[in-house]
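My notes follow the order in which I looked things up.

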Amino acid sequence: QVQVVESGGGLVQAGGSLRLSCAASRSIASFNAMGWYRQAPGKQRELVADITSSGNRNYADSVKGRFTISRDNAKNTVYLQMNSLKPKNTAVYYCNVLIYPRVYWGQGTQVTVSS
């Protein structure tokens with residue numbers, strides 16, 4: 001019903017920044033929430049940040065003050081601005097869409113932070 005495609009991942013030096021994009025196949029205005037998850041090698045997938053249809057934001061404690069989630073309804077896109085990146089942030093980052101009660105996932109984009 002909904003396709004999401006992530007982009008913007010890559011290799012960055014510690015302390016640098018990246019902006020990830022998640023483009024949805026249709027209007028995101030009615031989505032209950034969109035979010036970013038990540039999965040590092042050997043670890044479970046975890047929530048990084050999400051944003052509701054009303055604009056409320058939620059962040060993992062480890063990224064507060066460094067990462068910012070935002071949306072552009074006109075472009076059907078949610079962004080994750082990542083600043084002050086650390087090697088431990090290396091992971092595959094996945095976009096998640098909640099249209100209650102269904103959840104949709106993108107294919108992920110690799111973020112690698114070198115020291």
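**Notebook: strands, rings and charges**

I began with glutamate 46, which counts as partly exposed because its relative accessibility is 39% (buried is under 20% relative accessible area, exposed over 50%, partly exposed in between, with a 1.4 Å probe and protein chains only). Before going on, I noted that this is a predicted model, where local features need pLDDT of at least 70 and side-chain atom pairs count only at pLDDT 80 or more, while totals for chains, interfaces and linings use all residues. I also noted that residues are numbered from 1 along each chain as its sequence is written, and that side-chain values use heavy atoms, with hydrogens and water left out.

**Salt bridges**

The cut-off here is a side-chain nitrogen of Lys or Arg within 4 Å of a carboxyl oxygen of Asp or Glu. Is arginine 38 buried or exposed? Arginine 38 counts as buried, since its relative accessibility is 7%.

My search of the whole structure gave 2 salt bridges. Lysine 64 and aspartate 61 also make one, with 3.1 Å between the closest N and O atoms. Aspartate 61 has a relative accessible area of 63%, so I put it down as exposed.

Strands are DSSP runs (E, at least two residues), numbered from the N terminus, and two of them pair if DSSP finds at least two bridges between them. Strand 4 pairs with strand 5 (residues 46–52) in the antiparallel sense, over 6 bridges.

Isoleucine 51 has arginine 57 of strand 6 as its bridge partner. In this second hairpin, with 4 residues between the strands, I found glycine 55 at a positive phi near 95°.

Next I traced an open sheet of 4 strands, in the order 1-3-8-7 with antiparallel pairing. Its edges are strand 1 (4–7) and strand 7 (67–72), each pairing on one side only. From one strand to the next, the twist averages 15° (axes are lines fitted to C-alpha atoms, and angles run from 0 to 180 degrees between N-to-C directions). Strand 7 is joined to strand 8 (residues 77–82) by 6 bridges, and the two run antiparallel. Serine 70 stands opposite tyrosine 79 of strand 8.

**Rings**

How many aromatic pairs are there? I counted 2, taking rings of Phe, Tyr and Trp (its six-membered ring) with centres within 6.5 Å, where planes under 30 degrees apart are stacked, over 60 edge-to-face and the rest tilted. Tyrosine 37 and tryptophan 105 have ring centres 5.0 Å apart and planes at 70°, so this pair is edge-to-face. Tyrosine 37 is in strand 4 (residues 33–39) and tryptophan 105 in strand 10 (residues 102–105), so the pair ties together parts 68 residues apart in sequence.

Tyrosine 94 and tryptophan 105 are edge-to-face too, at 6.5 Å centre to centre and 85° between the planes. Tyrosine 94 is buried, at a relative accessible area of 14%, while tryptophan 105 is partly exposed at 37%. I wrote down Tyr37, Tyr94 and Trp105 as one aromatic cluster.

I then looked for a charge over these rings (NZ of Lys or CZ of Arg within 6 Å of the ring centre and within 35 degrees of the ring normal). Arginine 45 lies over the face of tyrosine 94, 3.8 Å from the ring centre. Its charged end also sits over the ring of tryptophan 105, 4.7 Å from the centre.

**Core**

Last, I looked at the largest nonpolar core, which has 32 residues (buried Ala, Val, Leu, Ile, Met, Phe, Trp, Tyr and Cys joined through side-chain atoms within 4.5 Å). Trp36, Leu80, Met82 and Tyr93 have the most contacts inside this core. Strand 9 gives the most to this core, with 5 residues.
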